[in-house]
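Thanks for coming. I will talk through one structure today, starting with a group of helices and then going on to cavities and some backbone details. Please have the display open while I speak.

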Amino acid sequence: MNDSRKLYIQTGMVLVGVILLVRLFIIQIVDTSYKSAADSNIIQKVIEYPYRGEVYDRNGRLLVYNSPVYDILGVPKEIENLDTAKFCRLFNISKADLIERLNAARKYSPIKASKIVNLLSPEEFAKTQDYLIDFPGFYVSARTVRGYTTKSAANALGYTGEISKRQLDADRTGYYSQGDHIGISGLELSYERELRGKRGVKYKLVNVRGVDKGSFKDGLYDTLSIPGENITTTLDIELQQYAEKLLAGKVGSIVAIEPATGEILVFVSGPSYDPAVLSGRDFGTNFTKLSQDSLVPLFNRPLMAMYRPGSVFKIMQAMIGLQEGVITPNTVIACNQSVIGCHYHGPSENLLGAITMSCNPYFHQVLKRVVNQDVSRDTYEDTRIGLEKWRGRVANFGFGSTLGIDLPNEKGGMVPNVAYYDRAYNNQPWKYSNIYSIAIGEGENLVVPLQMANFTATVANRGYYYTPHLVKAISDTGKPRPEYEVQHHTGINPEYFDIAVEAMHNVVEHGTGQYRAKLDDIIVCGKTGTVQNANSPDHSAFIAFAPMDNPQIAVSVYVENAGQGARAAAAISGLIIEKYLKGEKAKLRMEPYVLKGDFLDADEKAKFNL
């Protein structure tokens with residue numbers, strides 16, 4: 001090794017040594033923050049939880065706010081000579097619970113704070129705060145839980161709760177920590193990112209008895225919490241409360257939409273629950289009770305309950321038949337009950353009359369003409385081709401897949417395809433005569449109530465819809481998410497919907513939906529649906545919109561085991577429409593009938609031994 005190279009190496013080593021010595025001097029002498037930070041017994045890291053965004057109805061009425069609560073945190077390394085009996089009496093917990101929580105805290109971290117007692121109300125905290133000085137190693141952390149101004153709309157609003165280990169493991173943002181609260185269902189989950197805000201951190205100096213001595217380094221390392229964004233929902237809470245009153249004691253759903261925007265005015269799942277019971281210290285106990293309830297109030301029926309659509313589907317079959325050119329408004333088809341059963345209404349009808357009187361044989365033939373258009377000489381192959389074409393038309397109405405509402409757990413229902421029938425018939429040949437029940441909304445068709453409300457809005461708009469949504473505006477933007485401002489077109493000519501609208505008007509005026517949905521000075525358009533339900537009374541279904549021109553509300557009502565659609569569901573639809581459009585001037589003559597809830601006639605009661 002030559003002298004110059006040796007000199008370079010020695011010089012480099014000296015420089016490295018000098019740098020390390022200077023850095024060590026700075027850490028130990030100049031900057032004392034490292035020494036202070038190492039003194040965990042005098043520096044307390046306090047998480048500042050942000051205020052979660054508030055939730056309002058479409059008219060600015062507050063629905064969900066923040067209520068203060070307090071957690072008692074413990075740092076295992078700092079806890080000394082704990083009087084467990086006194087602690088348990090003070091905070092009303094058992095000794096076994098306390099020991100379990102302390103052991104869990106030690107396992108998590110001996111030097112980090114863990115929750116030992118959580119969600120103390122302001123009143124509970126006021127009774128205990130003066131005694132905390134007797135328990136070194138325990139500190140107070142303030143935050144908020146959800147409070148509610150109404151007992152309504154629980155299935156739409158959703159609830160928050162402590163983040164689970166599974167959720168924490170799945171978090172890729174690094175935002176959440178053990179003990180954080182997070183949206184678990186409803187809008188609280190769908191808008192978690194907007195509502196949650198951003199946590200802050202404060203470093204406080206405390207003495208060995210836990211007495212606050214002020215902020216560390218005058219707050220140099222503190223960060224401020226940022227409140228979450230407020231959201232304005234599309235709900236009309238007064239109409240929501242009225243709809244829940246009408247469905248009380250019944251099982252079913254009500255969804256009402258403003259056709260011009262896709263904004264959901266009413267979102268009722270019955271039975272439901274008071275959202276306040278899933279907020280606070282009793283969350284676990286109350287959640288267990290709700291989840292074990294035989295009427296499953298946590299089940300979100302507008303999104304998750306799947307029913308056969310029944311005769312309501314006939315309107316869509318008519319629109320597809322017209323667009324495919326296999327019928328015209330003047331097409332007359334005999335009510336041939338040897339093909340499929342029907343109630344008596346006359347020997348034959350044109351399209352308008354068939355929708356008005358809900359003629360089964362008519363729509364049996366309409367779908368046959370749509371499916372079998374002689375594209376192939378092989379009737380089996382022709383049916384396969386026609387079914388897929390029909391299914392594509394149906395999908396354009398929003399059936400067979402999720403619509404994309406801003407709520408979790410939406411189901412898409414089912415519209416059968418070729419692959420489905422291949423499986424059903426074990427890959428043996430099948431043709432139209434095997435599947436014709438789908439023509440009248442029975443058989444393998446399944447829809448969720450939200451889809452039926454959206455379909456009603458589509459007819460009201462004469463051929464298009466906006467994806468139904470529950471948030472009208474985020475923060476002060478005045479707008480929903482961009483995807484809820486996009487029109488979706490059915491591909492059916494608008495003039496064909498004029499026939500559907502006229503027929504739906506006739507249904508209410510003098511057809512199957514007359515009397516209970518009819519209003520004196522508002523033209524209501526509707527369609528009944530009696531949904532078959534084996535071994536139990538049928539489900540009552542009804543869709544309606546009003547006014548006939550410039551529609552402002554579209555409604556879908558399902559009442560389980562309530563018989564014909566012209567009864568319970570039609571009456572509820574008429575009341576909701578009248579209440580929304582006329583407000584305090586509404587006469588609401590059908591209300592006593594609905595509240596009584598006795599919808600089945602004597603023959604139906606005898607049939608099912610009711």
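H13 and H15 are oblique to each other, and therefore that is where I begin. Angles under 35 degrees count as roughly parallel, over 145 as roughly antiparallel, 65 to 115 as roughly perpendicular and the rest as oblique. Helices (H or I, at least four residues) and strands (E, at least two) are DSSP runs, numbered from the N terminus.

A word on the source. This is a predicted model, in which local features need pLDDT of at least 70 and side-chain atom pairs count only at pLDDT 80 or more, while totals for chains, interfaces and linings use all residues. Residues are numbered from 1 along each chain as its sequence is written, and side-chain values use heavy atoms, with hydrogens and water left out.

Back to the helices. The axes of H13 and H15 cross at roughly 40° and come within 9 Å. Axes here are lines fitted to C-alpha atoms, for helices over the stretch in contact, and angles run from 0 to 180 degrees between N-to-C directions. The crossing of H13 past H15 is left-handed, meaning that the near helix is turned anticlockwise from the far one by less than a right angle; clockwise would be right-handed.

Which residues make the contact? From H13 there are Lys314, Gln317, Ala318, Ile320, Gly321 and Glu324, and from H15 there are Asn360, Phe363, Val366, Leu367 and Val370. Contact means heavy atoms within 4.5 Å. By class, this contact of H13 with H15 has 6 nonpolar, 3 polar and 2 charged residues. For the classes, Ala, Val, Leu, Ile, Met, Phe, Trp, Tyr, Cys and Pro count as nonpolar, Asp, Glu, Lys and Arg as charged, and the others, Gly among them, as polar.

Next, H16. Helix H15 (residues 360-371) packs with helix H16 (residues 379-395) at an angle of about 105°, and their axes are 8 Å apart. That angle is why H15 is called roughly perpendicular to H16. On the H15 side, Leu367, Val370 and Val371 meet Asp382, Thr383, Gly386, Leu387 and Trp390 of H16. The contact of H15 with H16 has 5 nonpolar, 2 polar and 1 charged residues.

Helix H13 (residues 313-324) also meets H16: the axes cross at roughly 115° and come within 11 Å. Here the crossing is right-handed. H13 brings Phe313, Met316, Gln317, Ile320, Gln323 and Glu324 to the contact, and H16 brings Lys389, Trp390, Arg393 and Val394. Those residues divide into 5 nonpolar, 2 polar and 3 charged.

Now the cavities. On a 1 Å grid over the protein atoms alone, a cavity is a set of points where a 1.4 Å probe fits but cannot get out, and lining residues have an atom within 4 Å of a point. Grid points are joined across faces, edges and corners, and a volume is the space filled by probe spheres set on the points.

How many cavities of 30 Å³ or more are there? The count is 5. The largest cavity holds about 270 Å³ of space. Its lining has 19 residues, and Tyr49, Pro50, Arg52, Thr144 and His181 lie nearest its centre. Strand S5 (138-148), strand S7 (181-183) and helix H9 (192-196) each supply at least two residues of that lining, and S5 gives the most, with 4 residues. By class, the lining of the largest cavity has 6 nonpolar, 6 polar and 7 charged residues.

The second largest cavity has a volume of about 50 Å³. Leu519, Asp520, Asp521, Glu578, Lys582, Lys587 and Arg589 line this second largest cavity. By class, that is 1 nonpolar, no polar and 6 charged residues.

Last, the backbone. Most residues other than glycine have a negative phi, and most peptide bonds are trans. The peptide bond from Gly270 to Pro271 is cis, with omega near 0°, and Pro271 sits in the loop between strand S12 (263-270) and helix H11 (283-292). Another cis bond runs from Ala546 to Pro547, with omega near -15°. Pro547 is in the loop between strand S19 (539-546) and strand S20 (553-559). Leu119, found in strand S4 (residues 114-120), has a positive phi, near 60°.

Key: On a 1 Å grid over the protein atoms alone, a cavity is a set of points where a 1.4 Å probe fits but cannot get out, and a pocket is an open set with protein on both sides within 12 Å along at least five of seven lines; lining residues have an atom within 4 Å of a point.
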